[in-house]
Amino acid sequence: MSAFIVMLLCCDCLAGEEESVRWRALTEEHARDSFENLLFSVCRFRELTGSYPHNITVVSYDFKEERFAHLHRSAISFPESRFFYIGTPASPMSREAASKGEALVRAQFQEDPYGCISSLKGKKLGRDPFHRTIPYPEGCPEIKGLFRHCGTAPYQGSLPWAQ
Ligand SMILES: *[C@@H]1O[C@H](CO)[C@@H](O)[C@H](O)[C@H]1NC(C)=O
């Protein structure tokens, strides 16, 4: 699962500049794809801090920006103005293959924004052969509906970060 560990940097939960980043960095280890990466991290943030993040910054490969900043962000209806993306360059060697793979995955998420109907679902299940229990949305009851949502249409329920 290590490919899908996300670090959450909680900026407003602790006072004191002497607190090092290390103590504010927490992990989410249950996500099986990039959409879950985002959704589960938001839930984990709520679980750990008691509130939802005001801003979200995703750090990942630059070629995944469109996927995160557009597709996944829209799927959870997070305001664009509070969503930031820091892209790190992939090595030129892996770049070409990765970009091709990325185009395919992006197309899949375009058709299936919540990763729950197409081959994305099978891929996800394949990444969790032991069917571990996912502890969400226990810690984020306000967005339970979003966790349950599946389909091609955007989730219409209310969300704590709606503008
Ligand atoms: C959110 O991001 C904006 C723009 O960078 C910044 O001014 C603001 O302080 C951030 N808010 C929090 C709570 O981190």
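Guide: Ala, Val, Leu, Ile, Met, Phe, Trp, Tyr, Cys and Pro count as nonpolar, Asp, Glu, Lys and Arg as charged, and the others as polar. The model discussed here is predicted.

Visitor: How many residues of the lining of the second largest pocket are nonpolar?

Guide: The second largest pocket holds about 260 Å³ of space and is lined by 18 residues. Of this lining, 2 residues are polar and 5 are charged, while the nonpolar residues number 11.

Visitor: Which helix gives the largest share of the lining of the second largest pocket?

Guide: Helix H2 (34-49), helix H5 (119-126) and helix H6 (144-148) are the elements that each give two or more residues to this lining. The largest share amounts to 4 residues, and it comes from H2.

Visitor: Are helices H3 and H4 roughly parallel or roughly antiparallel to each other?

Guide: The axes of H3 (residues 65-75) and H4 (residues 92-111) come within 11 Å and cross at roughly 5°. Angles under 35 degrees count as roughly parallel, and those over 145 as roughly antiparallel. The two helices are therefore roughly parallel.

Visitor: How many residues of the contact of H3 with H4 are charged?

Guide: On the H3 side, Glu66, Arg67, Leu71 and His72 take part, and they meet Glu102, Val105, Arg106, Phe109 and Gln110 in H4. These residues divide into 3 nonpolar and 2 polar, with the charged ones numbering 4.

Visitor: Which pattern does the protein follow along the sequence?

Guide: The protein contains 6 helices and 4 strands. Read along the sequence, their pattern is β-α-β-α-β-α-β-α-α-α.

Conventions: Residues are numbered from 1 along each chain as its sequence is written. This is a predicted model: local features need pLDDT of at least 70, side-chain atom pairs count only at pLDDT 80 or more; totals for chains, interfaces and linings use all residues. Side-chain values use heavy atoms; hydrogens and water are left out. Axes are lines fitted to C-alpha atoms, for helices over the stretch in contact, and angles run from 0 to 180 degrees between N-to-C directions. Angles under 35 degrees count as roughly parallel, over 145 as roughly antiparallel, 65 to 115 as roughly perpendicular and the rest as oblique. Contact means heavy atoms within 4.5 Å. On a 1 Å grid over the protein atoms alone, a cavity is a set of points where a 1.4 Å probe fits but cannot get out, and a pocket is an open set with protein on both sides within 12 Å along at least five of seven lines; lining residues have an atom within 4 Å of a point. Grid points are joined across faces, edges and corners, and a volume is the space filled by probe spheres set on the points.
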